[in-house]
Amino acid sequence: MHESLLIYRNMRYLKVAVALVTVTGLLYALHSPVENPNGGTWLGYTLGTLSASIMGWLAWYGVRKRSFGGPSIRMEDWASAHVYLGIALVIVSTFHSGFQFGVNVHTLLYFLMLIVVFSGVAGLYFYMRFPRLLSENRRGLTTDMMLGQIAELDSELSAYAVTLDDATAKAVFNAVHNTEIGGNLLSQLTVDNPNCPTLLARKFVERSDGSHDEATRRKLLTRLSKKEGLLRRIRQDTKLRCLLQLWLYVHVPFTFATLAALVTHVVVVFYYW
Amino acid sequence: MAERLKVAIVGSGPAGLSAAAHAAKLGMSHVLLERAAHASDTIYKYQKGKFVMATPDILPLRSDLSFRAGRREEILAAWDEGLDFYGTKIRYETDVTKVDKTEDGFSLTVAGGETIEAENVILSIGLQGNINKMRCDGGDLPLVQYQLDDPDEYEAETVVVIGGGDAAIENAVALSKQNTVIIINRRPEFARAKQGNLTLILNAIEKGDIQCYYEANPVRVEPDGIVLDTPDGEATVKCDRIIARLGASPPRRFVEACGVEFPSDDPGVLPEVSPTYESNVPGLYIVGALAGYPLIKQAMNQGFEVVAYINGDDIAPADEPLLVEKFEAMGDVEVDDVLSSIRQTIPVFSELNPLLLRETMLESQVHAVKQGDVIFARNDYSSTFFTIFIGQVGIQISADDPSLVVKLREGEFFGEMGLISGRRRTATVVAVTDCVVFETPRRTMLKLIQSVDTVKRTLDKTSILRQIQTHLTPGVPAEDLEDLVETAEIQNFKAGEAVFNQGDAGNHMHLIRSGSCTVSTRVGGREVVLSYVPSGNYIGEMALLSDMPRSATVRAANNTETICLSGDAFSTVMNNNLAIRDSIEAKFRARLRQNEQMEARPEAGNIIQFLIEQGVGEGTDVLLIDEALCVHCDNCEKACAETHGGLSRLDREAGPSFAAIHVPTSCRHCQHPHCMADCPPDAIHRAPDGEVFIDDSCIGCGNCVGNCPYSVIQLASPPEEKSNLFSWLLFGNGPAPGEQVSYEADLLANPAKNGPAKEKDAVSKKAVKCDMCKDLTGGAACVNACPTGAAARVSPEEFMSLATLNR
Ligand SMILES: Cc1cc2nc3c(=O)[nH]c(=O)nc-3n(C[C@H](O)[C@H](O)[C@H](O)COP(=O)(O)OP(=O)(O)OC[C@H]3O[C@@H](n4cnc5c(N)ncnc54)[C@H](O)[C@@H]3O)c2cc1C
Ligand code: HEM
Ligand code: HEM
Ligand code: SF4
Ligand code: SF4
């Protein structure tokens with residue numbers, strides 16, 4: 001019932017991609033142009049056009065993803081075909097170029113395309129792996145519920161802190177008020193922050209043995225460690241969800257760059273060749 | 001001794017008002033008694049600015065007062081004006097506590113002790129009932145209130161909310177945004193609340209937004225607070241306001257005390273009245289919602305008519321033209337002739353009183369079907385009930401061989417299985433000759449089954465035989481089943497109740513005819529679920545065949561009805577029909593194997609248990625998200641919002657998860673949808689493919705919102721203009737596709753929270769919910785839009801099968 005996009009429909013789109021690559025490979029092997037194989041031969045033009053069509057279709061994915069309620073083709077079909085044809089594109093376009101790389105606008109196009117493809121592969125990896133990690137990390141709780149538990153620990157910690165000596169109270173209050181979740185990109189991606197006030201407070205209480213009675217110390221420690229555990233989970237959650245989107249900030253802008261380079265490439269070959 | 005009036009009217013809802021106005025116009029001596037300080041309390045309590053609908057559109061209005069669809073304020077003002085105009089005698093703040101029959105009329109006692117004498121009494125007290133008040137001292141102090149119209153009205157107060165039900169929770173949560181809220185629950189947990197509300201309140205308590213006293217009872221109210229009896233002793237809570245939401249008691253007790261009889265003890269049953277709305281007590285009339293007519297226009301018409309009848313006027317009911325139109329399909333016929341011939345031809349309807357028969361026919365559809373036409377098809381999801389008035393139909397009992405047909409003739413009925421089980425049709429029905437059939441909606445039939453004994457009996461007798469033939473002993477002729485049917489008995493089980501327990505002696509077998517069950521066994525002191533058995537299946541054959549005690553416990557997963565069959569009678573049938581014996585034994589062996597496998601895999605059983613708790617077991621089509629695939633892109637929600645006027649009917653993130661299966665807040669399309677239970681205009685239907693949807697006749701009363709246990713219905717204003725994808729992509733114009741425009745994404749929304757009368761959107765909210773995208777060609781938009789395959793719509797049988805869970 002639930003099928004990942006890699007195995008979707010018995011990998012129909014993998015089969016399509018493999019067939020495509022095989023046919024182009026055969027053609028390339030059999031083709032013996034007068035000069036070296038390159039984009040200018042009849043096969044070159046054919047494969048170039050094919051590559052450009054695949055690329056256009058891949059980029060259209062962004063539009064299709066946002067038009068709802070239309071034809072009955074499921075988005076998963078698109079996604080599954082997208083990843084397999086995206087990878088096939090590397091091979092097809094390489095055959096198109098006849099391995100003629102240099103320092104020019106054509107190779108720039110190729111290079112940009114590779115960035116899109118590799119970011120796509122990275123994204124795919126995230127898509128395949130992170131959801132399960134997320135689910136395991138949450139263990140049925142939602143972010144809100146975790147935040148709720150932290151809030152409760154915080155209010156208990158505050159209640160203890162007022163009964164403590166100044167230095168400890170300061171550390172605990174610091175943990176209650178200055179612990180941050182999320183924030184800028186870097187902190188969204190960090191799970192273990194050595195300067196986290198909660199961590200510091202726990203270490204402080206651990207070190208400061210003797211200054212207050214054992215019972216209070218234990219209460220503080222259990223709550224601080226519990227909070228640390230929850231913080232870890234929330235930060236892990238934040239990190240994974242952030243990564244699930246972050247790669248798209250490479251994938252999509254470079255798609256536009258690649259499309260621009262493609263237009264340039266075509267213009268260049270027609271007018272200046 | 002006060003003068004004796006011709007008529008006393010109790011309750012000034014639309015029915016009572018209309019009656020009083022007509023009495024005034026006729027110059028009949030009358031009085032209209034109203035408990036509240038204003039007329040028509042039910043409508044007065046609608047949300048401010050609510051747009052009141054005048055459904056059903058085709059029904060003409062017959063009243064001296066005017067009524068047109070419009071805002072609540074306009075309607076109430078027009079009625080007040082009308083009352084003045086006719087010089088109606090209305091007494092406010094007059095609560096009638098007793099109606100006694102005297103020799104030549106009635107004596108009505110009102111709160112305070114005064115009595116009023118009248119020849120006739122019209123009861124038009126509606127169904128809202130009496131709001132339960134606090135019984136402790138000080139329950140009437142000014143800081144106590146029993147209703148909350150607009151939670152946003154209060155700010156920075158300390159408010160104590162009393163009650164553990166949905167209303168109390170919704171009020172407490174809404175108030176906690178701007179106030180300090182303390183909730184008092186008599187019980188140790190919020191057991192009566194809906195799942196969504198339960199999550200809300202527990203979260204709020206956990207976060208410290210709301211403070212809760214469990215197992216606490218009010219001892220007395222003081223001018224500035226309340227004293228509670230708690231498990232830790234007495235506690236005093238100072239507060240500015242106390243809101244007590246203790247529910248309402250239905251008006252039935254009062255009505256019974258007036259001498260009116262109810263046909264049965266079912267909670268929904270209505271008192272029986274004659275065609276002139278007279279009850280079994282001569283001179284005591286019942287009209288309006290209390291008589292089973294839950295809409296304003298119907299109530300007003302009846303108010304008018306009942307006074308006309310009391311006056312001795314002979315008028316045809318206002319719905320006459322509607323029936324004429326209905327019966328047009330049969331050619332040129334007289335309504336009365338048709339009605340009396342229905343009574344003679346169709347045994348199920350033979351004992352309906354004329355009013356009920358009219359009502360049933362009004363709500364039914366008349367189909368003139370041509371020979372060979374299909375009336376409904378196997379696997380359709382409809383749950384209407386058909387009776388044959390003229391002609392013959394054929395039931396194709398075999399899916400493989402359409403020529404295997406059982407013929408039914410005039411007066412017989414069909415379609416009762418879909419009605420009872422809420423599942424797909426089990427056969428295709430075609431017209432054998434040209435015929436006229438009546439199609440009666442599920443709601444009307446349920447009302448009849450509850451209130452007319454013959455309907456229930458006739459239906460049960462035939463349906464038991466048909467169900468046994470369909471699901472248990474296909475091919476065995478009815479004669480051979482006589483003993484079995486004779487000894488069969490219908491049994492009801494509440495969700496969670498055991499049908500039988502492991503270790504019991506097993507001399508019965510059950511055929512599940514509605515609902516579903518789980519089979520479980522005790523392993524190391526814990527109950528492990530082995531399988532889920534939907535309706536249309538039998539259980540309990542193992543003990544019969546093996547002659548051993550029950551090897552497992554069977555529990556109702558949701559409210560369930562079974563046909564309990566005697567073991568001896570069934571053994572006889574099996575011994576005479578070896579094919580049946582073989583097929584039952586084959587099933588028995590398959591189940592044994594399955595149980596073994598399941599015992600080895602308790603996780604699968606736990607998943608079934610979890611899904612049952614989430615209401616998946618009573619659903620027909622449920623959205624489940626595989627957490628191992630979901631990337632939290634919310635494209636499903638965006639697709640839903642985009643295809644449904646900007647408001648998503650599903651909340652992906654909300655809802656519980658277990659073993660990486662997530663049940664989002666989204667409609668389960670229940671077999672017996674709770675939401676349908678009391679929808680005044682009967683606007684909630686089930687389409688042939690199973691989707692439960694709400695049509696345009698919704699009046700926005702919010703009953704369904706409260707009745708759905710899974711909190712998936714919202715009240716929303718009509719959609720705003722859609723954005724254009726390209727103008728958004730290119731110029732950033734308008735909202736992004738799928739962004740919620742008209743409304744906050746708030747699936748746990750409820751009337752109390754939507755209540756704040758923001759003048760703009762308070763106009764005409766209607767209930768909205770998932771309709772499974774029945775109007776789109778491509779199927780459910782949420783599933784279609786999911787790029788990862790995480791979102792899937794499943795039916796419980798499929799999903800809770802061993803094969804799926806074993807993957
Ligand atoms: C939120 C909501 C929205 C609705 N919207 C619509 C709509 O848009 N269109 C529509 O057609 N219908 C609507 N309905 C249904 C409609 O309100 C009822 O069908 C209608 O009010 C029934 O009228 P009634 O006269 O039978 O009873 P009610 O209107 O309930 O009137 C009963 C009256 O009797 C009084 N009373 C009760 N007991 C006593 C007593 N012992 N002594 C003295 N007085 C007593 C009560 O105070 C009340 O004023 C809605 C219902 C609700 C709850
Ligand atoms: C995804 C799409 C494409 C990619 C990645 C791509 C890439 C390349 C590369 C790397 C080369 C080798 C450049 C070199 O010889 O120095 C090349 C050559 C060429 N391409 Fe493309 N190309 C694409 C589409 C097209 C299209 C659509 C056309 C024409 C319709 C085209 C026409 C040519 C021609 C004529 C050459 C030969 C130029 C030369 O030999 O200098 N290409 N392409
Ligand atoms: C030149 C090649 C490619 C182009 C132009 C391209 C373009 C795009 C675009 C425009 C999107 C839409 C992003 C959004 O709006 O959310 C997208 C999404 C995506 N792409 Fe690519 N892509 C390419 C190759 C690949 C490859 C090779 C892979 C993986 C192997 C890949 C994996 C994905 C994935 C997983 C998504 C996200 C799907 C989703 O969340 O709906 N792409 N791509
Ligand atoms: S569309 Fe699919 S992947 Fe995206 S949030 Fe919804 S269920 Fe998850
Ligand atoms: S809206 Fe109706 S059908 Fe849907 S889950 Fe709620 S009760 Fe069931």
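A salt bridge is taken here as a side-chain nitrogen of Lys or Arg within 4 Å of a carboxyl oxygen of Asp or Glu. In this predicted model, Arg138(A) meets that criterion with Glu653(B), the closest N and O atoms being 2.9 Å apart. The rule finds one salt bridge across the interface of chain A and chain B, and the elements of chain A that give two or more residues to the side touching chain B are helix H2 (42-64), helix H3 (75-97), helix H4 (105-138), helix H5 (143-161) and helix H9 (214-246). Sorted by class, that side of chain A has 13 nonpolar, eleven polar and ten charged residues.

The extent of this interface can be described in two ways, by contacts and by area. In terms of contacts, 34 residues of chain A touch 42 residues of chain B. The size of an interface is often given as the accessible area lost when the parts come together. On that basis chain A and chain B bury about 3,200 Å² between them, with 62% of it on carbon and sulfur atoms. Within chain A, the residues that lose the most area to chain B are Met1(A), His2(A) and Phe68(A), which together make up 27% of what that side buries. As for polar contacts, the rule finds five residue pairs across the interface of chain A and chain B, counting pairs with both residues at pLDDT 80 or more.

Turning to chain A by itself, the domain assignment gives domain 1 (4-138 + 250-272) and domain 2 (143-244), and the C-alpha centres of these two domains of chain A lie 47 Å apart. Of the area that domain 1 of chain A buries against domain 2 of chain A, Leu134(A), Asn137(A) and Arg138(A) supply 61%, more than any other three residues.

Side chains of opposite charge can pair when their charged atoms come close. Asp237(A) forms a salt bridge with Arg138(A), with the closest N and O atoms 2.8 Å apart, and the rule finds one salt bridge across the interface of domain 1 and domain 2 of chain A.

Chain B is assigned five domains: domain 1 (5-128 + 250-317), domain 2 (144-244), domain 3 (322-457), domain 4 (479-600) and domain 5 (616-717 + 765-805). The C-alpha centres of domain 1 and domain 4 of chain B lie 51 Å apart.

The ligands complete the picture. Around ligand 1 there are 30 residues, of which Glu34(B), Thr42(B), Tyr46(B), Ala289(B) and Pro294(B) come nearest. A polar side-chain atom of Thr42(B) lies 2.5 Å from an oxygen atom of ligand 1, and a backbone N or O atom of Pro294(B) lies 2.4 Å from an oxygen atom of ligand 1. A nitrogen atom of ligand 1, in turn, is 2.8 Å from a polar backbone atom of Met53(B).

The residues surrounding ligand 4 include Cys630(B), Cys633(B), Cys636(B) and Cys786(B), along with His632(B), Asp634(B) and Arg652(B), and by class this shell has seven nonpolar, three polar and two charged residues. For ligand 5, Cys667(B), Cys670(B), Cys675(B), Cys708(B) and Lys769(B) come nearest of the 13 residues around it, and the shell around ligand 5 has nine nonpolar, two polar and two charged residues.

Terms used. Residues numbered from 1 in each chain as written. Chains lettered and ligands numbered in written order. Predicted model: local features only at pLDDT ≥ 70, side-chain atom pairs only at ≥ 80, totals over all residues. Heavy atoms only, no water. Contact = heavy atoms within 4.5 Å. Buried area = accessible area lost by both parts, 1.4 Å probe. Polar contact = N/O pair within 3.5 Å; in protein donor to acceptor, adjacent residues only side chain to side chain. Helix = DSSP H or I, 4+ residues; strand = E, 2+ residues; numbered from the N terminus. Nonpolar A, V, L, I, M, F, W, Y, C, P; charged D, E, K, R; others polar. Near = heavy atom within 4 Å. Domains from an automatic or database assignment.
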